[in-house]
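Here are my notes for you, in numbered points. Have the model open while you read, and go point by point.

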Amino acid sequence: MMSSFLSPDNYMQDLLKYVDPSGENGNEPQGNSSGNHGSPGGGKTFLEAFKKLCKTHGIEYEPGKPIPEKLRTDAFLKEFQEVFFPEMPMEYVLKLSIHGYVFGKKDEGVTIAQQGNDLITGYSRVYFNENYVFDSPESMFYIMGHEFVHVSQNMELMGEDYSLLNTIWMNDVKEFHAYQWDQDMGKRHYKFEWRSNDNNIMNYIDRLKYSNFYWLINIIHP
Ligand SMILES: [Zn+2]
């Protein structure tokens, strides 16, 4: 039954099956204490990689500090992506920017799917709220990765009716998986609240999960 299937606890159990280390993926995206490539101390690797990136700009990054003023640019967002999300298919990202979108106070980022002839083209524009994305390297990582889950979902929906994206249920499906990514990467534990139990959810729930997108798993994470 829809109602029991949609209870968040049931759902979470189902989803966790997909990312179980003994499952189809063969690695362990859950938790933040181990690296994705089997090396202990993934967090340390993350920080080292960030320091190294800052050094290419002649900047010594001090852990715990916000991202240095000089690096708060669109160009740096791109450099960050190249290091931490190296396999992300960026040809589908038409924009990766802190400019061009007016955010609500609490919004950290947004991904806008491109429309063509009333269809989803598979291309997206990604904007970040500069009041959050530069808080720390970890913030940049989590905010960017969350939006990249949405980019990947828009790629998966290529060719489908654009009006799909204006439904609450589709929004719920997309956010459910994006929050799951946040959580599995160690951001924080979420209790996801479904706002809808539309039957269409069943047709998309498996297709839009992040573990389908290998470039969101082969990453350097905090
Ligand atoms: Zn989201």
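1. Let's start with His 177. Leaving out residues up to four places away in sequence, His 177 touches Val 149, Leu 208, Lys 209 and Tyr 210; a contact here means that two C-beta atoms, placed from the backbone, lie within 7 Å. His 177 sits in helix α7. Helices (H or I, at least four residues) and strands (E, at least two) are DSSP runs, numbered from the N terminus.

2. Before going on, two notes on the source. This is a predicted model, where local features need pLDDT of at least 70 and side-chain atom pairs count only at pLDDT 80 or more, while totals for chains, interfaces and linings use all residues. Residues are numbered from 1 along each chain as its sequence is written.

3. Is His 177 buried or exposed? His 177 counts as buried because it has 28 C-beta neighbours inside 10 Å. The cut-offs: buried takes 20 or more other C-beta atoms within 10 Å of a residue's own, exposed 12 or fewer, and partly exposed is in between, with C-beta atoms placed from the backbone. Look also at Ile 205: it is 28 residues from His 177 along the chain, yet their C-alpha atoms are separated by 8.5 Å.

4. Now find the partner helix. α6 (residues 137-156) packs with α7 (residues 168-184) at an angle of about 145°, and their axes are 9 Å apart. Axes are lines fitted to C-alpha atoms, for helices over the stretch in contact, and angles run from 0 to 180 degrees between N-to-C directions. On the α6 side you'll see Tyr 142, Gly 145, His 146, Val 149, His 150 and Gln 153, which meet Lys 174, His 177, Ala 178, Trp 181 and Asp 182 in α7.

5. Next, the sheet. What is the order of its strands? This open sheet of 3 strands runs β1-β3-β2, with mixed pairing; strands pair if DSSP finds at least two bridges between them. β1 (93-97) and β2 (109-116) are the edge strands, each pairing on one side only. β2 and β3 (residues 119-128) run antiparallel and are joined by 7 bridges. Ala 113 stands opposite Ser 124 in β3.

6. Helices lie over this sheet too. α6 lies across β1, β2 and β3, at about 170° to β3. Helix α4 (residues 74-84) lies across β1 and β3, at about 115° to β1.

7. Finally, check the faces of α4. Leu 77, Phe 80 and Phe 84 are buried there, whereas Ala 75 and Glu 82, on the other side, are exposed.
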